Each structure stands twice: as C-alpha cells, then as structure tokens.
Amino acid sequence: MNYQPKPATSFVTASKIERSEDELRALEREYCSFGDTVHYLETPPIFEHCEGSYIYDNRGTKYLDLQMWYSAVNFGYSNPRLNEAAKRQIDTLPQVASQYLHRTKIELAAHIAKDMEAKFGRKGRVHFNVGGSQAVEDSLKLVRNASHGKSLMFAFEGGYHGRTLGASAITSSYRYRRRYGHFGDRAQFIPFPYHFRGPKGMSKEEYGFHCVRQFERLFETEYHGVWDPKAGEAEYAAFYVETIQGTGGYVIPPMNFFVELKKVLDKHGILLVVDEIQMGVFRTGKMWSIEHFGVTPDVLVFGKAITNGLNPLSGIWAREELINPAVFPPGSTHSTFASNPIGTAVALEAVQMLDESDFGAEVMRKGAYFLAQLQDLQKRHKIMGDVDGLGLALRVEITGEDGFTPDKAMTDRIVDEAMLGDLDAGNGETCGLVLDIGGYYKNVITLAPALTIGMAEIDLAIRLLDQAFNRAKRK
Ligand SMILES: Cc1ncc(COP(=O)(O)O)c(C=O)c1O
C-alpha cells in the first residue's frame, strides 16, 4: 500500500484548522441535513484517498470497492487519463455560460449522436444536464411535449429513476413520495420479468413472453383503462425502463423481453425511454446496455459514469423527430451547470478512450470470470440464493438456507462485516470491502466493480466475500 494517511483521526481543512474525527462527526450531527443521503452504517468511514479499485479512510484502512459510487466510477478511482483531462480543462476554460459554445460540448454531443446512429440507424441529438434525476426530468418534458401534453407514463415495479419530483413519480417506491404529495401523475407500474422470483415452471424466456402478454392485455379493450380503440390512442406518453434494474437488484431480464415489449409499444404509439444512468457506459460490456437486447430506444438517458464520477454531467439522446429545435425549442429546459466544460471535457476524453480498444470484450471477459467465481462460491454458501451477471453488473441474492426466502438481516450483517476493514487480504494485510445493497427485498448485493479491475483483484474480492459470508453466518 503506497498511501500514507495523515496522523490518525486528524484533518487539515482549507483554513488549516486541525479537527479530530470526533469534532468532525459532531459538526456533521449538528450542521448536515440528513435528508440528502442515507447512512446505512452507524458510523460511516470518513474517506481521504482513492485510487484504482481501492478507497482509503482517515485511519489508513484500505477497502476494495465493489460498488464504485453506484457505478459512477467505471474507469477506476483517480483514472490518470481522465483526471488529466479535468486538470487540462481547469487550466484552459473551466467556466463558461451555457448560452455560449465550447468545443468539448459540441464534440461530445456529436460523438454520442453519431455512435447512436451507427448502432441503431436513427439520427438524433444530445441534450445536457447535471445529474441523473435532472436528465430524467428533461426527458419527461420531451415525451410530454412529443405526445402533445400526455402526462401519464408506464414504468416497472422495482424501477428507480431518481428522487426529484418527476423522477420519484415514475420510481416504483411509494416511500420516496409518501411525505411530499403528488406534483404530477404517478406512473402505472408494470411487473418486470424477475425470473428468480417469478412463477415456477416457466423458463426465463417464457416468463419474458408472459410479462409482455400481461401488459398487452391492457390494450385489448377500452375497459382496461389505457387505450381508446376508436381513436386508436393510448392515454400514456412513454414507458420508462431500466434495461437491467439497478436499485431493484441488478435483475437481468430475458433477452427476448424488450423486443416483444417494443412491438406492443410501437403498435400503440407509446415511446420507449431507456434509463442508462446506472447500466450505461460499459457497465454491461456495451456503451449502452440496451444494445444487448435488439431494440432501438426513442429516448435514452445517461449520467453517472460518463465523466467517471468527476464533474457531474448527464443528458438525454432522442431521435430527431422528438428533439429537433422546431418541436423542442430553445430553452425547453435550462440549468446553469448543464454542459459544464469540465464535465464535457472529461466525458469526451472517456468516449475517445473507449474507442481506442475493444473495451467491451475486456469487460465481458472479466465479467464472465467474476460470475464463474461467484457460482463456485455459491456451492459453499447456500445463502447465495441467486447469482447472475451481465458484463460487470453482478448480483448475489442473499436468502435463507432454502436458497429462496429473502434474508435482509443476513445481507446487512454481510455488509457490516465487509465494512469493518479487517478481512484477511493475505501477505499480512487487512482490507475492507465496499458493498451496496439493492433488490425488492433489500437482500441483493449489487456488485459494480471498476471495469479496470484486475483478475487478481477479482480473486481477492471472492476471498473477501467468502470471509464476510462466514463471519455473518456465525453471528
Ligand atoms: C437507473 C437510475 N436512474 C436515475 C438515477 C438518478 O440519478 P442521480 O442520482 O444522479 O440523480 C439513478 C441513480 O442511482 C439510477 O440508478
């Protein structure tokens, strides 16, 4: 380990005042809103340094990160090339109002749009904002506008699209809306083909078909409440999907699913909006996860890893008919920091870097290896009820010894043990593991390691997970 922490529990702030860890925690308790995040641990670590797949706290504890800031840091912490791009931009044009132009905004939009055209055969444009939720909001305006003001959307049970008001309305958890009332229409939530928890006796593909047939049933007669057969018009503007559910527990649908779903949507004039905020930017081995599934989105939303978690940048791509300036005019949305030059410079560097090698093949190779190791580990731990993955989006569903009953308490214990930072990493070193929990029953460890992770680090991750499982089972 090269990183040397400062003397234990002391911090030097910009004003050069040294504060102890206790003082910092007291300040947090008194002055930080607790509304803008959730502390899953009673005493979350205070981190000081990060590099590659590792993050280090103020006590010098090293953690192998298997969730990489909810998949925002796909190219490893402190990626030298992307950090350099940010530094270069700071030294040249760090700030510029969005009413003016800068090169990297234009080149980034062109790069994404040309790539979409090459892959999907549709011309389109790119529209920027700052965070994922804000881009989802922008997409809501776009599809409402394109459908002449229809405000109803379909979305999936288990789906997550963010916590602003519009994004919460199409996110399935009522918990995110409960205190705030409705500022717009809540989506109609449709079951996602979560095969592991689906009815017994159906293959994954059959279950995919079944879910689409159930959805299609809604359009059979006007009495199912969504379709006017006389006018040939649906009451709904769009269907919001995550190709692979993120917060929902990295649930991978059958490969036939979106093709079948899109047929129903096209038949009824409903747009397909694909939220790639978590699964995009090569998390699944392709730039966009929807590329695995053989359908063309009408609108695609991105964020997080496009800048490797450096300056925030998000956006939407939409096909020309929906987004050209004659139909979606200037000022339809605006945010001061949209297309900020540090964000666009880093994102442009990231997409250019991805073009220089067969990055996708590398991710698929590592993902297959990681998944095989997890399947091997599953033989020793019956509590690993389901393991699955696509690229380096991997899931471990924690259950009782029956391999099915969700066990949230065990999942929490595993994560607590992993975060203690004292697992045996070999060669006399100790290490923690940063894990994230998702899933409908909060019993899924969603693994999103750095796409730059090495094979030896995958082996280490498996050894550390094995120890965390053993410890949690003993408690
Ligand atoms: C699929 C998906 N959509 C939207 C969002 C919201 O993005 P942000 O947290 O940047 O607002 C997230 C965040 O986790 C996400 O995973």
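**Exercise 1. Which residues does Gly208 touch, not counting residues up to four places away in sequence?**

Before we start: this is a predicted model, where local features need pLDDT of at least 70, side-chain atom pairs count only at pLDDT 80 or more, and totals for chains, interfaces and linings use all residues. Residues are numbered from 1 along each chain as its sequence is written, and side-chain values use heavy atoms, with hydrogens and water left out.

Step 1. Find Gly208 in helix 7, residues 204–216. Helices here are DSSP runs of H or I with at least four residues, strands are runs of E with at least two, and both are numbered from the N terminus.

Step 2. List the contacts, meaning heavy atoms within 4.5 Å. With residues up to four places away left out, Gly208 touches Pro193, Pro254, Asn256 and Phe257.

Step 3. Check the surface. Gly208 has a relative accessible area of 0%, so it is buried. The cut-offs are under 20% for buried, over 50% for exposed, and in between for partly exposed (1.4 Å probe, protein chains only).

**Exercise 2. Describe the second largest pocket and its lining.**

Step 1. Get the idea. Rolling a probe the size of a water molecule over the atoms shows where empty space is left. On a 1 Å grid over the protein atoms alone, a pocket is an open set of points with protein on both sides within 12 Å along at least five of seven lines, and lining residues have an atom within 4 Å of a point.

Step 2. Read the volume: the second largest pocket holds about 610 Å³ of space. That volume is the space filled by probe spheres set on the points, with grid points joined across faces, edges and corners.

Step 3. Look at the lining. There are 22 lining residues, and Lys105, Val126, His127, Phe128 and Pro330 lie nearest the centre of the pocket.

Step 4. Ask who supplies them. Helix 4 (103–120) and strand 6 (124–129) each give at least two residues, and strand 6 gives the most, with four.

Step 5. Sort by class: 11 lining residues are nonpolar, nine are polar and two are charged. Here Ala, Val, Leu, Ile, Met, Phe, Trp, Tyr, Cys and Pro count as nonpolar, Asp, Glu, Lys and Arg as charged, and the others, Gly among them, as polar.

**Exercise 3. Work through some of the salt bridges.**

Step 1. The rule asks for a side-chain nitrogen of Lys or Arg within 4 Å of a carboxyl oxygen of Asp or Glu. By this rule you get 31 salt bridges.

Step 2. Take Arg88 and Glu349, whose closest N and O atoms are 3.2 Å apart in a salt bridge. Arg88 sits in helix 3 (residues 80–92) and Glu349 in helix 10 (residues 341–355), so this pair ties together parts that are 261 residues apart in sequence. Arg88 is partly exposed at 45%, while Glu349 is buried at 14%.

Step 3. Move to Arg395 and Asp386, a salt bridge with closest N and O atoms 2.7 Å apart. Both of these residues are buried.

Step 4. Now try Lys408 and Asp412, which meet at 2.8 Å, N to O. Both lie in helix 12 (residues 408–419), four residues apart, about one turn of the helix. Lys408 has a relative accessible area of 40% and Asp412 one of 26%, so Asp412 is partly exposed.

Step 5. Finish with a network: salt bridges that share partners join Arg122, Lys262, Asp266, Asp298, Arg319 and Glu321.

**Exercise 4. Where does Met68 lie, and where does Phe282?**

Step 1. Met68 is found in helix 2 (residues 68–71), and Phe282 in the loop between strand 12 (271–275) and strand 13 (299–302).

Step 2. Check phi. Met68 has a positive phi of about 40° although it is not a glycine. For Phe282, also not a glycine, phi is positive and near 75°.

Step 3. Check burial: Met68 is buried at 0% relative accessibility, and Phe282 is buried at 12%.

Methods
On a 1 Å grid over the protein atoms alone, a cavity is a set of points where a 1.4 Å probe fits but cannot get out, and a pocket is an open set with protein on both sides within 12 Å along at least five of seven lines; lining residues have an atom within 4 Å of a point.
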